[in-house]
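Dear colleague,

Please find below the structure that I am handing over to you.

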Amino acid sequence: ASTVTRTPDGVVSVGGIEVTRLAEEFGTPAYLIDEVDFRERARAWRTAFGEDADVFYAGKAFLSRAVVRWLHEEGLNLDVCSGGELTTALSAGMPADRIAFHGNNKSVDEIETAIRAGVGRIVLDSFQEIVRVAHIAQSLGKRQRVQIRITVGVEAHTHEFIATAHEDQKFGVPLAGGQAAEAVRRALQLDGLELIGIHSHIGSQIFDMSGFEVAAHRVVGLLKDIRDEHGVELPEIDLGGGLGIAYTSADDPREPHEIAKALHEIVSRECEAAKLRTPRISVEPGRAIVGPTAFTLYEVGTIKPLENLRTYVSVDGGMSDNIRTALYDAEYSVALVSRTSEAAPMLVRVVGKHCESGDIVVKDAFLPADLAPGDLIAVPATGAYCRSMASNYNHALRPPVVAVREGEARVIVRRETEEDLLRLDVG
Ligand code: LLP
């Protein structure tokens with residue numbers, strides 16, 4: 001559970017350290033990640049899925065070397081989707097065979113690096129990639145374990161940009177029209193590949209298990225077709241990530257053990273009906289592990305009341321450290337964390353310091369009417385897809401990630417400096 005608490009004088013602390021102290025030591029904005037909470041969540045997924053399943057943490061949500069070590073220690077595997085994520089994982093000691101490599105357009109270099117490193121699986125995303133990976137593996141004298149990512153035609157109830165299993169989008173090989181079956185046919189013929197399973201990822205920030213149910217049904221249906229046609233029972237299926245978290249009190253997420261139970265039940269029921277051996281299941285949660293474990297600490301700057309509308313509260317960061325509100329219309333909450341206040345609530349919009357009116361961190365929230373420049377406010381649930389999607393827009397310096405645990409704080413990703421910016425600018 002989260003170690004965030006509030007002292008009687010209204011100061012919030014995390015990992016036993018008051019945010020006022022953290023702000024002094026590390027500056028703002030900063031992402032504060034609760035290591036104990038992270039490890040507990042990772043472990044909860046691992047335990048829930050048990051020994052006959054694998055949990056691959058989706059590194060795209062947030063990846064750093066410390067995180068890789070935590071995952072390794074807690075017995076999780078890792079899903080990476082770029083050469084950069086792969087390098088980070090390997091450099092922090094994640095065994096290559098516990099890494100899955102994803103992506104709809106992996107470069108030849110990335111594929112070569114992954115195969116040489118000995119990654120546990122490459123998830124093939126297209127007909128061209130089947131051939132490409134097979135050739136590269138063969139030229140390296142290897143046989144690469146692979147899965148084929150299929151799109152099962154499910155409409156996940158989530159934002160259009162993060163739904164991935166409907167037909168008109170770039171990922172995977174469509175199940176429709178026998179395309180997935182054809183991809184399997186080709187993969188089975190190629191010496192450089194060892195086809196171990198089928199992969200499906202239906203989208204992200206999903207609460208409703210019915211999409212997974214349909215996906216599992218269709219993936220198992222394909223396994224059955226493969227058995228009937230080729231006489232092989234593929235040993236694994238991966239149902240991807242996508243489980244939602246609570247950004248505001250309106251969201252009601254499922255616990256890992258409920259998810260594990262539901263997925264195990266669906267898959268074994270479907271396999272029984274198809275008279276197939278139950279394959280080993282894997283999942284790829286990113287947000288559900290890291291999302292709730294971090295918050296962003298900002299210092300309040302200019303406050304601008306707009307009569308009859310709302311009050312604009314500017315913070316020292318913005319869309320460069322959290323693009324999700326601008327990009328997906330995401331909902332966040334915010335709280336005053338450096339003191340108590342008895343003042344009446346006022347309707348605010350928390351905005352950043354960037355040169356666009358869409359630079360909104362929290363669209364609608366209430367903060368005390370006596371809010372003043374210098375107060376610290378926190379936006380919870382920014383562990384996933386905030387630091388990992390951060391930018392240098394307006395030459396902003398990306399904030400640090402500070403891990404707190406049992407009264408100790410340590411920088412795991414340092415704040416960018418102006419020297420970092422100038423180092424890249426070689427003109
Ligand atoms: N596996 C695959 C193949 C994926 O593409 C993703 C996410 C995951 C697992 C992890 O999904 P999660 O459990 O974290 O939902 N930037 C967006 C989310 C994009 C997710 C892309 N793929 C956001 O900020 O909401």
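**Ligand shell**

Domain 1 (5–33 + 292–424) and domain 2 (62–285) each contribute at least three residues to the shell around the ligand; the domain bounds come from an automatic or database domain assignment. Please note that this is a predicted model, in which local features need pLDDT of at least 70 and side-chain atom pairs count only at pLDDT 80 or more, while totals for chains, interfaces and linings use all residues. Residues are numbered from 1 along each chain as its sequence is written.

The ligand is surrounded by 22 residues, of which the closest are Ala58, Ser204, Gly241, Gly286 and Tyr385. A residue is near a molecule if its C-beta atom, placed from the backbone, lies within 6 Å of it. By class, the shell holds nine nonpolar, eight polar and five charged residues. Here Ala, Val, Leu, Ile, Met, Phe, Trp, Tyr, Cys and Pro count as nonpolar, Asp, Glu, Lys and Arg as charged, and the others, Gly among them, as polar. At least two shell residues come from helix H10 (287–290), and at least two from helix H11 (324–328). Helices (H or I, at least four residues) and strands (E, at least two) are DSSP runs, numbered from the N terminus.

**Confidence**

The average pLDDT of the protein chain is 96, and 98% of the residues score at least 70; pLDDT is the predictor's confidence in each residue, from 0 to 100. The model has an ipTM of 0.99 and a pTM of 0.97.

**Annotated and buried residues**

In an unreviewed entry, UniProt lists Cys355 under "active site"; such positions use the numbering given here, feature names are shortened, and annotations may be inferred rather than shown by experiment. Cys355 lies in the loop that links strand S17 (345–351) and strand S18 (360–368). Cys355 is exposed because 9 other C-beta atoms lie within 10 Å. The cut-offs are 20 or more other C-beta atoms within 10 Å for buried and 12 or fewer for exposed, with partly exposed in between.

Trp45, in helix H2 (residues 35–49), counts as buried, since it has 26 C-beta neighbours inside 10 Å. Between Trp45 and Gly75, the C-alpha to C-alpha distance is 10.0 Å, at a sequence separation of 30 residues.

**An open sheet**

Three strands, in the order S1-S2-S3, make up an open sheet with antiparallel pairing. Strand S1 (5–6) and strand S3 (17–18) are its edge strands, each pairing on one side only. Strand S2 (residues 12–14) is joined to S3 by two bridges, and two strands pair if DSSP finds at least two bridges between them. Val14 is opposite Ile17 in S3.

Yours sincerely
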